[in-house]
Amino acid sequence: MRKTALAAALLLLPTLILAGWAIWLPIPRADDPGLRIRLLGFDPRDLLRGHYLLARLDIHDLPPGRYGPDDCICLRARPEAPGRPGFTPLPSCAADILKTCPLPLSDPGRELRLYQSQEMAQALERWLAEGQRVVDIEVRFDGKGDIALQDIRVDGQPPATGPSTNHRR
């Protein structure tokens, strides 16, 4: 009886730790500041790889290829151009410098890989390549230069891939 209880406890402990970790993960992100930012397709011929949409954030006046993995910038909303934030280069990615910025972003020119269903990835690829639809995403900033991405929108609505012209579900 005692061995059975000990075995059950040893099996239950990792499960409880994993469940606690899974519950704790989203909590910090809910309080992280967010900003909706447009997506740019950077090479329409190579946007789609399997179920991934490859894109970059549309940051106003960010020169392509200029800012890499060792660079950090401070984003700021631009009311005159929603979805296309401006930026100020930061002297380094040190923690004390990142704390001075409400929306810090490291490696601002990075390629984003957004997992989507194959049908949705193809539709998003087409909409980005055509440039006639606004595709944006909610970006959450953790204050350390990293971001979390969620809630892709097309023309302000959740995307739909059906034949309708308004692309709403």
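Guide: Helices (H or I, at least four residues) and strands (E, at least two) are DSSP runs, numbered from the N terminus. This is a predicted model, in which local features need pLDDT of at least 70 and side-chain atom pairs count only at pLDDT 80 or more, while totals for chains, interfaces and linings use all residues. Residues are numbered from 1 along each chain as its sequence is written, and side-chain values use heavy atoms, with hydrogens and water left out.

Visitor: How do you know that the span of helix 4 agrees with its number of residues?

Guide: The expected span is 1.5 Å times one less than the number of residues. Helix 4 (residues 118-130) has 13 residues and should therefore span 18 Å; its end C-alpha atoms are 18 Å apart, so the two values agree.

Visitor: Why is Q116 called buried?

Guide: Buried means under 20% relative accessible area, exposed over 50%, and partly exposed in between (1.4 Å probe, protein chains only). Q116 has a relative accessible area of 17% and is therefore buried. This residue sits in the loop between strand 7 and helix 4. Leaving aside neighbours within four places in sequence, Q116 is in contact (heavy atoms within 4.5 Å) with H51, A121, L124 and I152. Of these, A121 and L124 are among the buried residues of helix 4.

Visitor: Why are A77 and D155 put in other classes?

Guide: A77 has a relative accessible area of 52%, so A77 is exposed. D155 is at 39% and therefore counts as partly exposed. A77 lies in the loop between strand 4 and strand 5 (86-89), whereas D155 is in the segment after strand 9.

Visitor: What makes a set of residues a nonpolar core?

Guide: The residues must be buried Ala, Val, Leu, Ile, Met, Phe, Trp, Tyr or Cys, joined through side-chain atoms within 4.5 Å. The largest core has 28 residues, of which L39, L57, L75 and F141 touch the most other members. Helix 4 supplies the largest share of this core, five residues. Not counting residues up to four places away in sequence, L39 touches A55, R56, L57, L112, L114, L128, V135, D136 and I137. A second, separate core of five residues includes C72, C74, L98 and C101.

Visitor: What makes a space a cavity or a pocket?

Guide: On a 1 Å grid over the protein atoms alone, a cavity is a set of points where a 1.4 Å probe fits but cannot get out; a pocket is an open set with protein on both sides within 12 Å along at least five of seven lines, and lining residues have an atom within 4 Å of a point. Grid points are joined across faces, edges and corners, and a volume is the space filled by probe spheres set on the points. The structure holds one cavity of 30 Å³ or more, lined by L57, L105, D107, P108, R110, L112 and I147. The largest pocket holds about 270 Å³ of space. Of its 18 lining residues, the closest to its centre are L40, R56, L62, P63 and P64.
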